[in-house]
Amino acid sequence: MSPTNTIATRAQWIGDRQRPTTGEPPCPYLRRSFHLPGPVRRATLTWTALGVADMHLNGAKIGGDFLMPGWSDFRERAQVLEYDVTKLLLAGENMLGAILGDGWYTGTLLWKNERNHYGTHPQLLARLDVELRDGRRITLGSDKAWEMRYGPIVQSDIYHGETYDARQELGEWCVPSASSDGWRKVDVFPAYRGVLQPKLNEPVRVTQILHPRKITEPAPKAFVFDFGQNIAGLCRLKVRGRRGQKIVLKFGEMLNADGTVYRENLRLARVIDTYICRGGGEEEWTPRFTFHGFRYVEVTGLAGQPDASLLTAMVLHTDMQPAGKFHCSNPLLNRLNANIRWGLRGNFLDVPTDCPQRDERLGWTGDAQVFIGTAAFHYDVRRFFHKWLQDLRDGQRKDGAFPDVAPDVLGKYGPHQFGNAAWADAGVICPWEIYQHYGDKSILADNYDAMVRWIECQRRTAKNLIRPRTAYGDWLAIDAVVPNHAPVPCDLVGTAYFAHTTSLLTKIAGLLGHKDDARRFQKLHAQIVVAFQKAYVTPDGRVVGHCQTAYLLALAFDLLPSRLRQKAFAHLVDLVEARNCHLTTGFVGTPLLLPVLTRFGRTDLAYKILLQEDYPSWLYTVRNGATTMWERWNSYTKEEGFGPVGMNSFNHYAYGAVGEWMYGVIGGIRPLAPGFKKILFAPEPGDGITSAETSLPTPHGLAECCWRVRGRTMVVDVTVPEGVRAELRLPGRKAAPLASGRHRLTTKLSRP
Ligand code: BGC
């Protein structure tokens, strides 16, 4: 049995029962000394926390991870970590310790400034298994023999930030010889009822360090550090101060016109770190149990002018392997591609969050499902989504409806937080996308029952297979008639997604060998399509709502009779042209726009929309200085300033969903079979773009596609991974099969 399975049999949950449950109380330090009667052959530390914790052994922090064990649906399960600590142990006296933080368990969550979402006291469960060189085994679990006290972390909260009073430091508190002054016994808590499960995804770590690009002083003694990039993470402070000097760091993503940091969009999240100096030399501090979404930091409380060494920014996210690379001859598109990647890096922090800065940072399902295809081109997100889909299943309601956010923390607000079109559908779409990218059928099997329950739930709660109006429609679309709601009716979005997810489930059932289910869902799918056509499609191919998104859903999800497809497509083209080739779409329509145009042969139009530089467009945000994706097409404009503060994130990846099209159509790499076992190389040059270099590490090896155009000649270099079949489609040439290996091909374009 692995230590994870037995951890709870030899260890108890410990913490401080007297810790106040109101306000923002300090973080407890816990520890236990022990004796090893000989040298160590092997040792494993297994632990988890209700809250977040840093584990220490003999004076060193174990591992470079942050905010572990991360966020799971603590009502159901906690994630267990295992570390090899052989090298940190000594024959003789040792000291094992932990610092416990509130994290998502007891810290603030949601927009009403509420704490204690899962419980009132952070707790630790830890077990050390040691094998001595002479074969003896020693096990040490967290229990009442541990001691605790409070130290310098005076307050710590994910939304609000951390306060560290260095005057209260405990010195070498986790070494064998540490003083016992002020330490008292811990409290033991009742056994946890949830499941203890090995952590499925990679831990959160620092993946990059950034130094300030610029320091300004827009108000007297308030210095603003600009890191040049909007990130999620923390700052390390290095300072010489007098004892008791208080240095305050306030974080934000943008600057106001007067050069001060724009923080109105943070809503109730305080996002402030405070350091109180010990005095007497250089001091260095990094907060432990919080994170911020920021590019700028305002520093107050300094004695004089700071230099760049005062602050270093640390980029934090789940430590996934980077995957694809994309570069083309248009610098604005390269910046957009970088913004998309930063959008992912700013939001894949144990769960895929909507944004990393305000009092939200939740695993919004709709955002995740529209972006997952793009995410998989940028990073290896397989383990990340295995874990998150567990969170999603944990939040699934008994009737089969998936929650709006996973882990589900909104369900308590009522039934309307479940089963919403395009959001709840993440439960089917995300496993499917992971299967497409990695050929990993286990994710389909793990999620199968949950998917079936969602489809059944949709069927039961639909009226003649038309879905009711559920919450979000084409969220934040440009041509919203009522705030946030596009002309496309919510029931149309719901019914289109009902058809789409049923069609995916038909394929999944077939793949997993559930033949009866496959037949049943195929029939259901055909019936939904008929219902959709009856309710929303006119004989001349118009779709109710008559807006870009209405046509995109109908075309992308194959909901039209073949005779009406071209007509509907013509309406879509008219609508795009009526806007002078601009999009009007929101979260739901945007990811479908360029793929549908390409599929129906109008990549030229797709390029036109993509390359627009005025409002609303992707490059408009780039032109206005974006370094990440924005929540709104007009989160900030030079003319009008900031968008509505109630919801104005500058790090919201949903519109980054265009990245998949950039990799697939500009870059030319698209999967033709799950796991890229078959690849389509089909780069389509457009609108002045003269070259692109794209690569993707597939499960079978590196796929590459590089092309350049000189005059009318297009030269393409392709690498097909070993054992992979490929097809090449170049403008002006017939599709042709390609064997594994490197190939160079040329073609003549009709126009340069
Ligand atoms: C979030 C979104 C989310 C939406 C639901 C917002 O508050 O930030 O990204 O999908 O609510 O409509």
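**Helix, ligand shell and backbone: questions and answers**

User: How many of the 9 residues of helix α10 (residues 548–556) are buried?
Analyst: Helix α10 is largely enclosed by the rest of the structure. Buried means under 20% relative accessible area, exposed over 50% and partly exposed in between, with a 1.4 Å probe and protein chains only. Helices (H or I, at least four residues) and strands (E, at least two) are DSSP runs numbered from the N terminus. On that basis, the buried count for α10 is 8 of 9.

User: Good to know! What pLDDT do local features need in this predicted model?
Analyst: Residues are numbered from 1 along each chain as its sequence is written, and side-chain values use heavy atoms, with hydrogens and water left out. This is a predicted model in which totals for chains, interfaces and linings use all residues, side-chain atom pairs count only at pLDDT 80 or more, and local features need pLDDT of at least 70.

User: Back to the helix: what covers the buried residues of α10?
Analyst: The buried residues are Q548, T549, A550, Y551, L552, L553, A554 and L555. Their cover is a matter of contact, meaning heavy atoms within 4.5 Å. It includes α8 (490–511), α9 (515–536), α11 (562–578) and α12 (590–599).

User: How much of the ligand's accessible area does the protein cover?
Analyst: Oxygen atoms of the ligand lie 2.7 Å from a polar side-chain atom of D354, 2.7 Å from an N or O atom in the side chain of R358 and 2.6 Å from an N or O atom in the side chain of E360. On its own the ligand has 310 Å² of accessible area, computed by the Shrake-Rupley method with a 1.4 Å probe. The share that the protein covers is 95%.

User: Which side chain does H652 join through a polar contact of 3.4 Å?
Analyst: H652 sits in the loop between β31 (641–642) and α15 (659–666), and at 2% relative accessibility it is buried. A polar contact is a pair of N or O atoms within 3.5 Å; within protein, one must be able to donate a hydrogen and the other to accept it, and residues adjacent in sequence count only if both atoms are side-chain atoms. The side chain of H652 also reaches the backbone oxygen of D354 at 3.1 Å. The 3.4 Å partner is E631.

User: What is the phi of D350?
Analyst: Most residues other than glycine have a negative phi, and most peptide bonds are trans. D350 lies in the loop between β28 (348–349) and β29 (351–352) and is buried, with a relative accessible area of 0%. Its phi is positive, near 65°.

User: And what is omega for the cis peptide bond from A406 to P407?
Analyst: P407 is found in the loop between α5 (382–395) and α6 (426–438). A cis peptide bond also joins M68 and P69, with omega about 10°. From A406 to P407, omega is near -5°.
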